[in-house]
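User: I would like to learn how to read sheets and interfaces in a protein model. Can you take me through one?
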Amino acid sequence: MPPFSRGFHGRRRADVDPSRLPPGQYLTPDFPVLSAGPTPHTPLDEWSLTIDGAVDAAVSWSWEAFLALPTETFTVDIHCVTKWSKLDTTWTGVSVDTLLKDVETAADYVTAWSDGDYTTNVPLEDLTGGRAWVVHTYDAAPLEPEHGGPARLLVPHLYFWKSAKWLRGLTLTVQDEPGFWESVGYHNYGDPWREQRYWSD
Amino acid sequence: MTRRAPVVWRTATVRGVVAESHHARTLVLDVPEWPGHRAGQHVDLRLTAEDGYQAQRSYSIASAPELDALEITVELIDDGEVSPYLVEEVRPGDQFEVRGPIGGHFTWSVPDGGPLLLIGGGSGLVPLMSMLRHRAARRSEVETRLLVSARGAEDALHSDELASLEPSAGLHVAWTFTRTPPPGWTGWARRVDAAMLAELGPGPDAGARSFVCGPTPFVERVAELLVEAGHDPRAIHAERFGPTGG
């Protein structure tokens, strides 16, 4: 039984559907920024997106080729491990299913890697089946650099650190390899509905 | 890999409160079986109302790992849900829960060495204070430069303590006031810019570890200035907080 905090009443939100807010989260109308270093600014003519690792043949797209892939526009809720959640965010990008369409692999895991040396690990099955995208547009405008532009991974059913900003590649791996935050005490999987914030959760 | 204690909720009892400015105060907490922390880490804090309603937020740890208490310094956020309680309501003896320590990137310990470049905007000074207090507790003489950007003298946290720390060998503390400098102030009175960082030093060739903490636009701008000045982006550690929810 947690101790009561004398004099704390809280501010319950009558306008929030509790079924959309994972435990320990609060709603924000803003779009806060969380990154561990400076925001990278890779010129688009030097940008590419690569799928490599345990695959028969690596594939890579230039910015133009990436933009030419079929896109989806979708609206999802996002949940950051630092406690904010934002409902009904609208994105446009390429489904990871589309990126993996011609990829043969025996891998069960993916390391997403980014400009700025960021990495995060996700089971492959969490990136497929229409559950993950590489997005370049937020709210009908090009994705701002501080929010991960030119393109970021979006895996809305996991805490938002799994949605790697400034994405440059997906490396398919046979073994699960902890990424940047996963190596320093954050949860390896990160399901907000099970409040998997830290390694022992 | 270091051994980690499980990140579990522990009851914190308020030992004391210290007013730091008209809108910020430090809570001195007793947390039985606190596993210890590294300077720069943060805690999650959970309040529970009598009817069971709970709210969680994250706060940087202000105290040195060497202190026998856990301190957080909380700034009041208008319209916040948790910070008004912590800044205006809490008194000694009150209880809530904390868990941690959390974060392994924005941290510094004496053996990590220097030089150190610490740049804080507003209450972004808090985790940097933990590093400076740790440095002082260990009598470290690692070359350290601290730049604090505050709106005015009444927003300047810990100015007396920083003045008392500064005679320490190797420590240089600089302030810039962006809105209302104190009367007679002859130092910097503008937003952090490239010229200011060049004058502050150390230069990009010194191999400094930089820690930048503050509101998102502040951190974005300062980190970008450091990169443009030639600092290695991998040695720039950033901690951003948004004006949200609090």
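User: Start with chain B. In what order do the strands of the 5-stranded open sheet stand, and is the pairing parallel or antiparallel?

Analyst: Keep in mind that this model is predicted. To read a sheet, go from strand to strand across it. In chain B the order is β9-β8-β7-β10-β11, and the pairing is parallel.

User: How many bridges join β7 and β8 of chain B?

Analyst: Follow the pairing along both strands. β7 (residues 116-121) and β8 (residues 144-152) of chain B are joined in parallel by 6 bridges. Within this pair, Leu117(B) is opposite Arg145(B).

User: What is the strand order in the 6-stranded open sheet of chain B?

Analyst: Read it the same way. The order is β4-β3-β6-β1-β2-β5 in chain B, with antiparallel pairing. β4 and β5 (70-75) of chain B are the edge strands, each pairing on one side only. Neighbouring strands are turned by 40° against each other on average, ignoring direction. At one end of the order, β2 (residues 24-30) and β5 of chain B pair over 6 bridges. There, Ala24(B) has Glu75(B) as its bridge partner.

User: Now the interface. How many residues of chain B are in contact with chain A, and what area is buried?

Analyst: Interface size is often given as the accessible area lost when the parts come together. Here, 49 residues of chain B contact 40 residues of chain A. The buried area is about 3700 Å², with carbon and sulfur atoms giving 51%.

User: How many salt bridges are found across the interface?

Analyst: Look for opposite charges facing each other. There are 4 salt bridges between chain B and chain A. In one, Arg6(A) joins Asp94(B), with the closest N and O atoms 2.6 Å apart. Also found are 18 residue pairs in polar contact. Elements giving two or more residues to the chain B side include β3 (42-48), α1 (83-89) and β6 (95-102) of chain B. By class, that side has 17 nonpolar, 16 polar and 16 charged residues.

Key: Residues numbered from 1 in each chain as written. Chains lettered and ligands numbered in written order. Predicted model: local features only at pLDDT ≥ 70, side-chain atom pairs only at ≥ 80, totals over all residues. Heavy atoms only, no water. Contact = heavy atoms within 4.5 Å. Buried area = accessible area lost by both parts, 1.4 Å probe. Salt bridge = Lys/Arg side-chain N within 4 Å of Asp/Glu carboxyl O. Polar contact = N/O pair within 3.5 Å; in protein donor to acceptor, adjacent residues only side chain to side chain. Helix = DSSP H or I, 4+ residues; strand = E, 2+ residues; numbered from the N terminus. Nonpolar A, V, L, I, M, F, W, Y, C, P; charged D, E, K, R; others polar. Pairing = 2+ DSSP bridges. Axes fitted to C-alpha atoms, helices over the stretch in contact; angles between N-to-C directions.
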